[in-house]
Amino acid sequence: MDWKSIDKRQLITILSCFVGTFLVTALFRVDMPFTYTLGSQQVSAGVYATLGDACIYVSVLMLGAPWGVIVSALGAALADLVVGSKLFIIGSLIIKSAMALFVAAFALKCDDWKKCIVVAGMTEAIMVLGYFVYDLLIVREFVVAGLAFLTDLAQGAICGALGAVILRYMPVMEPEKMLRVRRTPPEREE
């Protein structure tokens with residue numbers, strides 16, 4: 001990643017994707033009233049559902065890797081900080097990065113609806129399973145993790161549908177910056 005090779009147009013696109021991801025994640029959300037016990041107090045778990053995942057698809061398709069990954073993770077993490085979900089900042093950095101890397105690896109293969117739906121579904125599965133494991137490790141209450149899992153499933157269904165549409169209709173702006181997934185062809189028996 002060469003900082004000196006970024007021109008004004010690319011910098012504006014990077015900043016726009018970052019601000020867009022942050023704003024959509026922070027503003028288009030539904031807070032969940034889940035709490036857990038910390039010492040002798042009930043504390044908000046900071047769980048919310050958001051449309052911010054849709055910005056991951058847009059950012060990666062516009063910027064490729066690594067910038068699409070960076071703005072996706074940092075935008076979501078900053079939104080967690082601003083809305084008071086401090087427990088999830090590290091989780092968002094890891095999980096949103098993994099989602100963006102997956103999109104960067106498979107977006108070029110989305111040439112029909114079936115592939116777009118599969119890629120978007122797998123991307124959202126990374127989110128659902130990632131946050132479930134994170135909830136179990138950090139919050140350590142099965143009820144909260146289970147309720148958050150259901151919330152994440154709903155978010156994943158909605159953002160997965162949006163993601164499939166974005167993958168189908170938005171062109172990849174920087175195809176040379178997308179990750180390449182190579183499959184070795186099966187050996188032929190003669």
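**Helices and a nonpolar patch in a predicted model**

Visitor: How many residues does helix α4 have, and what does α4 reach from its first C-alpha to its last?

Guide: This is a predicted model. Helix α4 covers residues 89-106, which makes 18 residues. The span expected at 1.5 Å a residue is 26 Å, and the helix comes close to that. From first C-alpha to last, α4 reaches 26 Å.

Visitor: Which elements do the buried residues of α3 pack against?

Guide: α3 has 17 residues and reaches 24 Å, close to the 24 Å expected. Among its buried residues are Trp-67, Val-69, Val-71 and Asp-80. These buried residues of α3 pack against α1, β4 (48-50), α2 and α4.

Visitor: Which residue just after α3 takes a positive phi?

Guide: Look just past the end of α3. The phi there is about 95°. The residue is Gly-84.

Visitor: Which helix gives the largest share of the nonpolar patch?

Guide: The patch has about 630 Å² and is made by Val-19, Leu-23, Leu-27, Phe-28, Leu-51, Ile-158 and Leu-162. Two helices, α1 (8-27) and α6 (142-169), each supply at least two of its residues. The largest share, three residues, comes from α1.

Visitor: Is Leu-162 buried, partly exposed or exposed?

Guide: Leu-162 sits in helix α6. Its relative accessibility is 37%. Buried needs under 20% and exposed over 50%. Leu-162 therefore counts as partly exposed.

Methods. Residues are numbered from 1 along each chain as its sequence is written. This is a predicted model: local features need pLDDT of at least 70, side-chain atom pairs count only at pLDDT 80 or more; totals for chains, interfaces and linings use all residues. Side-chain values use heavy atoms; hydrogens and water are left out. Patches are made of residues with over 30% relative accessible area and no salt bridge: like charges are joined within 9 Å, nonpolar side chains (Val, Leu, Ile, Met, Phe, Trp, Tyr) within 5 Å. Accessible areas come from the Shrake-Rupley method with a 1.4 Å probe; for residues, only the protein chains shown count as cover. A salt bridge is a side-chain nitrogen of Lys or Arg within 4 Å of a carboxyl oxygen of Asp or Glu. Helices (H or I, at least four residues) and strands (E, at least two) are DSSP runs, numbered from the N terminus. Buried means under 20% relative accessible area, exposed over 50%, partly exposed in between (1.4 Å probe, protein chains only). The expected span of a helix is 1.5 Å times one less than its number of residues. Contact means heavy atoms within 4.5 Å.
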